[in-house]
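Dear colleague,

I am handing over a structure for you to look through, with the sequence alongside. My notes on what was found in it come after the model.

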Amino acid sequence: MEIFFGAFTSEWEQRRAALLHEMSSSGRAASAEEEMRKRLKQLAQLGAAGGGGGSSGAPGSRGSASKGRAAPRAQVTSVARRMEARLAAVAKGSQPAVVKLASYGGGARVGAMLNYVSRSGELKVENENGRILDGREELARIRGDWDHLFQNRAESRDIGSFSVEIAASGIASDEALHEQVRSTLTSGLGDRRYAYAIAKNDGGSVTVQGLVVLRSEQGERLTGDPKAASIIQGRYDASAAAGEAAAKFSFHGYGNGVEFGASRLRGLVDRHDDVRDDRGQSIANEKVAGDLVQKEWRAELHSRKSRDVMHVIMSARAGTDVAAFEGAVRDFLAHQFAGHRYVFAMHDPASDPKEVGEGGKRPHVHAHAIVAMKSDSGDRIETTPAVFREWRSVMAEKAREHGIEMEMTDRREFAAPPAFTRTQVRPVSREGRTEHVGTSEAAQARYDAKRSGRRMVAKSHRSRLYIIKAQKSWQKVALAGGDRQTVAYATQHREYLEAGLSRAQTETSGTVLRADFGSNFRINLATLQETVLEGQELREMSRAEFETYEKKVETALFKLERSVSADDRADFDEVAGLARDFVNQKRELVDLYEQRKEALAEQGAERFRSDPRDSANDEWDAAVAKHGEAVVDAGNETMIEIEHYRDGLDRIEAGEFSADRKEGMQAGLNRALEQASQLAIEGNSYVRDVAEQDPGLKRAIEQEENKSDRPEEVKDKAASNAETVDEQQRDFRADEEDRQPIDDDARAAHELASTVDTTNRLQDRLDKDREAVPRGGETTRTDPAQQHIPRLEELEREQIEQRERDRDDRDR
């Protein structure tokens, strides 16, 4: 067979074809597979081993090589997008990336899993080489092709069913009988956990039936068969208990895992009225039986199952383009599982042969993949929370490359509840969205929280730090502006996180107000609770802030008292007492803060802050103080655009993006640099400062200044305006230094009010300018020298005047 290597579009395909041609023509067919394995790692460095097909072309064709597959597996980790960029995209409508690890399976289950994914062979299945597998026969061959990758290890024997015949006679009471039975079982079974039931026989003997954890605390695992019974029998016969009563042990079966143990123990409870555990505790019903196995025995099982393959599900919103999503899934699998064997199939409503009532034709498009855990080169897939996060990040990246707006998300960023697992629920209806019921009360509560969208935050210290970071990112997204829907979405989720953190902190400190009031004053009670919790959020208050807060609490208490009924009066008094105690504690803290501030002022220390701020906030505040908020806002927006294009070019150089996009990225960077240069020339001192640390921007500004076609009067006006702004700011800062020091909290409050007022007026002015722009004509950017410089001067004057008024108010 002659191979035309030019027919392959990428280097790794040519190399693999050359290898296959060499092996087939050398006459060494017996060692072909072995030689292939030896060279797989070399091929994997070019993205060949396990690389999926292209994103376009007819089904079964290779198409072009997928983007981002040229790096070896050790280097394919996706560069994480900044949290602020991700959240901004979600606020604008991007969908979250959903990649779920549905289950693991041993080699024996591969056939059943493939049958489910392919809908019994009716759907097309594609493997890691881009080849379409049609029909059950080709799917059945996968088991044999992958067999060398499986451990073929038997599942651990975790729980055994046993019975014991005890010649116990002359025992007066039931309690004494149970004591005798437990003594007998413990003498034979040792320190293992067990549960049992007693059946009395004629002649005074008893038959004990039960379940036992086969692994002891020392690590010895019984096999649950006649051999294990003989071992137990020998131990019992050698013990002191054998002299009191004869006993004969036997095993009748064994099983793996918590599900097996819970099922068997529930059956034992169902058949017998009195079932007890090794500690003599009664197992009264099926719920207690399930809890015993799941909560107490689980840790001692050390259950082991073969994890030869895993079932992964990737899904997108209803209405997502199926062909684009299929290409994204193909590229994701090739990128993330390079070197591993896998197959995948698409499930969408149009092609799914399974009916709705049977769980088919789901409204959202999704894909199922069966992946071998072990690669041909011996590497195993890691499955940790960090890896799952990487999966979602890579899936979102590949989706965006195929035109689907998708982002990696974290539930902590949305105050979302944790997901429920398949072992915690069972389906009861598959009409539309599958409905489930929990297998326990805790599982039902978790299911209800997830399906109802209840807001909650994780409580670990690490998660709290992450949530605080997410809260700041939502705040930045909201302040960045844009359409109303984006701002509202960001603001709402920031409030979700704030409320969740407040609740978590309140529960930790024990200041939750709990009372079961009637519906007449629930609203007033909620208002009171929110008011009190405001004080929990404001850890450090000025005296004026505290007095305002105290009045709000008393007002809320007054409204609540007016609506309280006589029956609820005692509950109200308790709540009011708790609220006032909390306010008194805040008063003491305010006094302590003021004393500490005075001490720090006397020692010449830096001003006391209640919450440490990060370096980015400090840099922002310093820039605003030096240049003015309007100047920094305008310059920062341009710098963000420059960094965006620079980041894109870096990722193209790293091979993460296609080189076809380099020209567009470079053009965008040039435009952004030109805009920043214009701002600097027009008097933006913040951009000038940044350029001192940015050689590229500095060169762009110098080139713009040296352009011969720039009107001389524009240059002069820009320079004079920059000098005017600097002079105003110097005078303003000098005037600030000459004034007497005032209370730090009052100053912060007034500065915040001034900033908010200035921002609102700036936004109003921008809105008016947008409305005034002619639809089809020139914009206000036609003549930057005439439009932007007077605008900056006016904004600076307004800001200075506002701060002057604030200082006058404070002096009075």
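Predicted model: local features only at pLDDT ≥ 70, side-chain atom pairs only at ≥ 80, totals over all residues.

Residues are numbered from 1 along each chain as its sequence is written, and side-chain values use heavy atoms, with hydrogens and water left out. Helices (H or I, at least four residues) and strands (E, at least two) are DSSP runs numbered from the N terminus.

Helix 10 (residues 322–336) packs against helix 11 (residues 385–401) at an angle of about 135°, their axes being 8 Å apart; axes are lines fitted to C-alpha atoms, for helices over the stretch in contact, and angles run from 0 to 180 degrees between N-to-C directions. Helix 10 is therefore oblique to helix 11, given that angles under 35 degrees count as roughly parallel, over 145 as roughly antiparallel, 65 to 115 as roughly perpendicular and the rest as oblique. The residues in contact (heavy atoms within 4.5 Å) include Phe325, Ala328, Val329 and Phe332 of helix 10 and Trp391, Val394 and Met395 of helix 11.

Some of these residues return in the largest nonpolar core, where, of 31 residues, Met314, Phe325 and Met395 touch the most other members. Such a core is a set of buried Ala, Val, Leu, Ile, Met, Phe, Trp, Tyr and Cys residues joined through side-chain atoms within 4.5 Å, buried meaning under 20% relative accessible area with a 1.4 Å probe and protein chains only. Helix 10 gives the most to this core, with seven residues. Leaving aside residues up to four places away in sequence, Met395 touches Ala97, Val99, Met314, Phe325, Ala328, Val329, Phe332 and Met406. A second, separate core of 25 residues includes Phe162, Ile198, Leu214 and Tyr236.

Helix 3 (residues 83–91) is largely enclosed by the rest of the structure, because seven of its nine residues are buried; among them are Met83, Arg86 and Leu87. Just after helix 3, Gly93 takes a positive phi of about 120°.

Finally, the axes of helix 19 (residues 629–653) and helix 20 (residues 662–681) come within 9 Å and cross at roughly 155°, and the two helices are therefore roughly antiparallel to each other. Their contact involves, among others, Ile642, Tyr645 and Leu649 of helix 19 and Met665, Leu669 and Leu673 of helix 20.

With best wishes

Notes
Buried < 20%, exposed > 50% of the residue type's maximum accessible area, 1.4 Å probe, protein only.
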